[in-house]
Amino acid sequence: MRIKISIQHVGKVFGEGRQPVEALKDVSLDIADNAFVTFVGASGCGKSTLLRIIGGLEYHTSGEVLVDGAPIMGPGADRAMVFQHYSLYPWLSVMENIKFSRRLRHGRENLREADVEAASGRADALLALMGLSAAANAWPNQLSGGMQQRVAIARALMGRPQVLLMDEPFGALDAQTREVMHDLILHVHRLEKPTLAFVTHDVEEAIYLGQRVVLMAPRPGRIDTIYEVPLPAEREQDMKHTPEFLALKREILARIRETSGMKADQDMLDQLNLQKAEAAS
Amino acid sequence: MPAAPRTGARRPGMWTIRGPLSRRQYWLFAALGLLVPLGLWWGTSSLAGVDKVFLPGPADVFNRLVAWYTEDDLMSDVWISIYRVTMGFVISAAIALPLALLIGTFRPVQALLEPLTDFIRYMPAVAFIPLVMLWVGIDESSKIAIIFIGTFFQMVLMMAEDVRRVPLAQIEAAQTMGADRGETVKLVIFQAAKPALLDTLRVTMGWAWTYLVVAELVAANSGLGYSILKAQRFLQTDKIFVGIILIGLIGLVMDQLFRLAHRKAFPWLYLR
């Protein structure tokens, strides 16, 4: 299996001088071509920072990150990113948003007539794939949150990126919309075959989507455990109720709690349970 | 079947916190807010013992307006003032816009210019009059220069803030689609900031008008501000009233034009 993204001993220190914060410490991870890897962990574990480093939006202070064997030099169209929100351009229609990269120099260079037509066809195909054909001429703020994220995903896919980075893309959506988006993104992954790195705080989402779940721990941000998801490649909503799924979910949740370092919260919970037990007896 | 009798909370009234107000009620209150002060003015001025020099009534002011229009060439005063304010404002905007884009985008430019601008904007524009006369002279450009000084520094800072408020996700999305620095500024930051920038222009246009009287202190012999100053010398209180009200009205019209332009230029912000 070919390695697409290689993260080797990556460290990231925020701020210089008196109180530097170690956001990432000695993070090493290989992500295979066409893999779907999800990242979970307590807040402050650096999962978003790691994703942003791969995307070139943040720089690491030690170690190296290689994409196809070459170190990354800032953001680029080969690594598209989908954000939680506010990333669409409200002054452009849905179609214009999706075709935004065509306005950029690198999107126009070395283009033949046929390429332009192909791109137009691709935009239409992506709209259809995302179920947005009827909304092509709408403005983003005429759409629901779920539809807006579908536009953002279509826009990210437009340039056929080899790597798709998603930073809590469904974090602001309601539970029903999120389920639909899960199956949609799995479909996109099968169809377009990008290497997909997906950050979330929702463990169920991480297991349902990921072939591997990377659990990170805070202070300093690091990889704690990597779980292989024991589910068939083709996922179905019903799998969320299987014993394997639930067991893995319980295990990951427990581990996040252990690593969160929120001792005060944990003590308070224990106290409550103790009181409940006393009241019952 | 008759409708079921209703129970429970009623439609909230206009005095509930952030309650609703129908269009009719809105205009009613707006009219009230304008007519009550007018009535008070009229009432007070017609009380016995109130000297017209201290407080002319609405009728006196209206008569003065008509006299000014027919005998004293009011329109040329209006136009020259509009010209001065607009020129000062446009020059200010033309320089402030690119600077604000740079300040809001590049931290070194911010560090270079923002403290300096913050310092200058606290200096009173009136105090610059002798310097402006010395450096620019006493012709039209000196009046425009005063309005520029009064407007520009505030405008730059507010516009820079508009530029800074563009969501980072919009900028980063462009970068991950392969936009270079220039493209990000031109196609994302400027486009995203445009509605806020036009709003800032609207607000600072109002400030430009407040500097008119100050500007026309400089060797002017026409204009609304100049007329107010001259009327002061001759104790023509009613003329002072006319001048002030006209400046207010022109400002109101310009403000509404800016709002209209905003609605036309950025329709996606007015969908509901």
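Trainee: By class, how many nonpolar, polar and charged residues are in the lining of the second largest pocket?

Mentor: The lining of the second largest pocket has 9 nonpolar, 5 polar and 6 charged residues. Here Ala, Val, Leu, Ile, Met, Phe, Trp, Tyr, Cys and Pro count as nonpolar, Asp, Glu, Lys and Arg as charged, and the others, Gly among them, as polar. Residues are numbered from 1 along each chain as written, and chains are lettered from A and ligands numbered from 1 in written order. This is a predicted model, with local features needing pLDDT of at least 70, side-chain atom pairs 80 or more, and totals for chains, interfaces and linings using all residues; side-chain values use heavy atoms, without hydrogens or water.

Let us stay with your pocket (on a 1 Å grid over the protein atoms alone, an open set of points with protein on both sides within 12 Å along at least five of seven lines; a cavity is a set where a 1.4 Å probe fits but cannot get out; lining residues have an atom within 4 Å of a point). The second largest pocket has a volume of about 400 Å³, which is the space filled by probe spheres set on points joined across faces, edges and corners. Its lining comprises 20 residues, and A:Ser101, A:Arg102, A:Met158, A:Gly159 and A:Arg160 are the ones nearest its centre. Three elements of chain A each give two or more residues to this lining: helix 3 (105–108), helix 4 (113–129) and helix 5. Helices (H or I, at least four residues) and strands (E, at least two) are DSSP runs, numbered from the N terminus. Helix 4 of chain A gives the most to the second largest pocket, 4 residues.

Helix 5 of chain A leads us onward. Together with helix 8 (181–210) of chain B, helix 5 (145–157) of chain A gives two or more residues to the lining of the largest pocket. That largest pocket holds about 530 Å³ of space, and 26 residues line it. A:Tyr86, A:Leu88, A:Pro90, B:Pro167 and B:Gln170 lie nearest the centre of the largest pocket. Helix 8 of chain B contributes the largest share of that lining, 5 residues. Sorted by class, the lining of the largest pocket has 15 nonpolar, 9 polar and 2 charged residues.

The structure holds 1 cavity of 30 Å³ or more, and the largest cavity has a volume of about 30 Å³. Chain A supplies A:Ala80, A:Met81, A:Ala152, A:Arg155 and A:Ala156 to its lining, while chain B supplies B:Ala173, B:Thr176 and B:Met177. Helix 5 of chain A gives the most to the largest cavity, with 3 residues. The classes here are 6 nonpolar, 1 polar and 1 charged.

Next, visit A:Glu168, in the loop between strand 7 (163–167) and helix 6 (175–192) of chain A. A:Glu168 has a relative accessible area of 15%, so it is buried (under 20%, with exposed over 50% and partly exposed in between; 1.4 Å probe, protein chains only). Beyond neighbours within four places in sequence, A:Glu168 is in contact (heavy atoms within 4.5 Å) with A:Lys47, A:Gln84, A:Val199, A:Thr200 and A:His201.

Some of those residues also meet A:Phe39, whose contacts beyond four places in sequence include A:Lys47, A:Val199 and A:Thr200, as well as A:Leu29, A:Ile31 and A:Met216. A:Phe39 belongs to the largest nonpolar core, of 97 residues, a core being buried Ala, Val, Leu, Ile, Met, Phe, Trp, Tyr and Cys residues joined through side-chain atoms within 4.5 Å. A:Phe39, A:Ile7, A:Tyr89, A:Phe100, B:Trp209 and B:Leu224 touch the most other members of this core. Helix 6 (residues 140–164) of chain B gives the core its largest share, 12 residues.

B:Leu224 takes us to our last stop, helix 10 (residues 224–233) of chain B, where 7 of 10 residues are buried. Among those buried residues are B:Leu224, B:Tyr226, B:Ile228 and B:Leu229. The buried residues of this helix pack against helix 2 (58–71), helix 3 (74–105), helix 9 (212–215) and helix 11 (237–265) of chain B. After helix 10 of chain B comes B:Leu235, with a positive phi near 55°.
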